[in-house]
Amino acid sequence: MRFTNYSKFTGHQADALNLQALLDRLSDFLLQSGFAGGAYEHPYWGEFGGDEGDRSMDSLKEALLRALMESGQLTPEMVDELSGRGEPNEEVRQQIAELLDRLIERLVEEGYLNLSEQPQMPGGYTEMQGAGKTDQAREAARQVEFSLTGKGIDFLGYRTLKGLLGAMGKSSFGSHDTPHLATGVEAEAASRPYEFGDTLNLDIPATLKSALGRKGLGDDGSIDLDYGDLYVNQAEYRSSCATVLMLDTSHSMILYGEDRFTPAKKVALALTHLIRTQFPGDTLRVVTFGDEAEEIPLGELARAQVGPYHTNTAAGLKLARRLLLAQNKDMRQIVMITDGKPSAVTLPGGRVYKNSMGLDARVLRETFHEVGACRKSGILINTFMLARDPYLVAFVNKVSEIARGKAYFTNTMTLGQYIMRDFLRRKTRRAG
């Protein structure tokens, strides 16, 4: 993607702006969930959805303008022009356009965004604006899509994590501490005699002391070192944890005018950053569950959407259990984020049975069967429910009872704090 170089802003306003602070303000827009598959006619709620998340340059520029205005980083002349006060000023309008182009150029140059051309309409189609005039610049902006890079996703995860830990009053966090000791790199306990298979992290003073005590110093000043003289330092054993984050993608996650899915994605990114930087021995996988369940790569999480789906909790648990059992970790856990009851199950032949009315006995039976299978496999299930209806409370409490996990009834504002607090608490003690 080529940009025009605007010398007016090079090394000036656009280059002086803090891109990371700007990205932080744009996080909800960049992670917008939308509704996959276009408009959807529901038998009870009518038509909804249709918003698949606008990824055009045009929408990005509008979001950038809002962020700049909210942070007070536009000149008074630019604010007047945008608010319609005074006479239209073509020069100021051009300055705004140049500023936005330069900011997007910087976002691409520094590796936060990628740009790509959209497929063109046949016949050189263009959208007409006003009385027979074509707004070519605006149309060109609509023909280019943006996407977050790995660096951009990682940065948003870092900022979300920082915000969550700050809200919890956390200044630092540590590793899985367990009572077991093993030979490691850092000396955190008394050394002991070397045993076959230990990391050869020698305690030099203890080893020399043992050799000298056994035979003393040789006539030529040499030390006779034997296998039994070897001592190794001990370090605290760091237990590892495999986590599957289950995200509900049913239609109700954005049905009632509240986007519950984007906050869930932000928590996933924050957990990813936490594990990658602080607990490298741990793993995190993401499973979405609607009519069916699937694992999505973390790199695709930013663009994940809800759809016209029911809630096949059993399929999500089954896939999560399979992913966890394939990993050789000391602890395995499922973090499930949902806002509704299970309303679908996959039948033996592969057909999905659905019933959104009440708590269907068949759906519940299959769901509880999968919960029990997780417990038998030593997998903990912690459920984060974004609703408080009495029948949902009863369902979640039953899941927690079977799986010996916990249930948290929260909302989109506190979801991240609850999940992070629970995750870090489990990092400070051995599960079992």
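1. How many residues does helix 10 have, and how far does helix 10 reach from its first C-alpha to its last? In this predicted model, helix 10 covers residues 261-278, which makes 18 residues, and its span is 26 Å. That is close to the 26 Å expected at 1.5 Å a residue. Of the 18 residues, 15 are buried, so helix 10 is largely enclosed by the rest of the structure.

2. The side chains of R276 and D154 meet at 2.8 Å, N to O. This pair links distant parts of the chain, with R276 in helix 10 and D154 in helix 8 (residues 150-168), 122 residues apart. R276 counts as partly exposed at 47% relative accessibility, and D154 is partly exposed too, with a relative accessible area of 27%.

3. An open sheet is formed by 6 strands in the order 12-11-10-13-16-17, and its pairing is mixed. Strand 12 and strand 17 (407-409) stand at the edges; each has a single partner strand, so one side of each is left without a neighbour in the sheet. On average, neighbouring strands of this sheet are turned by 20° against each other, direction ignored.

4. Strand 11 (residues 283-289) has 5 of its 7 residues buried, so strand 11 is largely enclosed by the rest of the structure. With strand 10 (residues 241-248) it pairs in the parallel sense over 7 bridges, and F289 of strand 11 stands opposite D248. With strand 12 (residues 293-296) the sense is antiparallel, over 4 bridges. Here V286 stands opposite I296 in strand 12. A hairpin of 3 residues joins strand 11 to strand 12.

5. Strands 11 and 12 are also linked through side chains. R285 and E295 meet in a salt bridge of 2.5 Å, N to O; R285 belongs to strand 11 and E295 to strand 12, 10 residues apart. R285 is partly exposed, with a relative accessible area of 27%, and E295 counts as partly exposed at 33%.

6. At another part of the sheet, strand 16 (residues 379-385) pairs with strand 17 in the parallel sense over 3 bridges. The bridge partner of F384 is Y408, in strand 17.

7. How many salt bridges does a search of the whole structure find? The search finds 16. One of the pairs is D101 with K61, whose side chains meet at 3.0 Å, N to O. D101 lies in helix 6 (residues 90-109) and K61 in helix 4 (residues 57-70), so the pair ties together parts that are 40 residues apart in sequence. Are these two residues buried or exposed? D101 counts as buried at 17% relative accessibility, and K61 counts as buried at 19%; the cut-off for buried is under 20%.

8. Salt bridges also form a network, which links R214, K215, D224 and D229. Side chains of opposite charge can pair when their charged atoms come close.

9. Which residues make the nonpolar surface patch of about 410 Å²? They are I204, L208, L212, L217 and I223. Among them, L212 is found in helix 9 (residues 204-215). L212 is partly exposed, with a relative accessible area of 36%. Patch residues must have over 30% relative accessible area, and L212, at 36%, is above that value.

Conventions
Residues are numbered from 1 along each chain as its sequence is written. This is a predicted model: local features need pLDDT of at least 70, side-chain atom pairs count only at pLDDT 80 or more; totals for chains, interfaces and linings use all residues. Side-chain values use heavy atoms; hydrogens and water are left out. Patches are made of residues with over 30% relative accessible area and no salt bridge: like charges are joined within 9 Å, nonpolar side chains (Val, Leu, Ile, Met, Phe, Trp, Tyr) within 5 Å. Accessible areas come from the Shrake-Rupley method with a 1.4 Å probe; for residues, only the protein chains shown count as cover. A salt bridge is a side-chain nitrogen of Lys or Arg within 4 Å of a carboxyl oxygen of Asp or Glu. Helices (H or I, at least four residues) and strands (E, at least two) are DSSP runs, numbered from the N terminus. Buried means under 20% relative accessible area, exposed over 50%, partly exposed in between (1.4 Å probe, protein chains only). The expected span of a helix is 1.5 Å times one less than its number of residues. Two strands pair if DSSP finds at least two bridges between them. Axes are lines fitted to C-alpha atoms, for helices over the stretch in contact, and angles run from 0 to 180 degrees between N-to-C directions.
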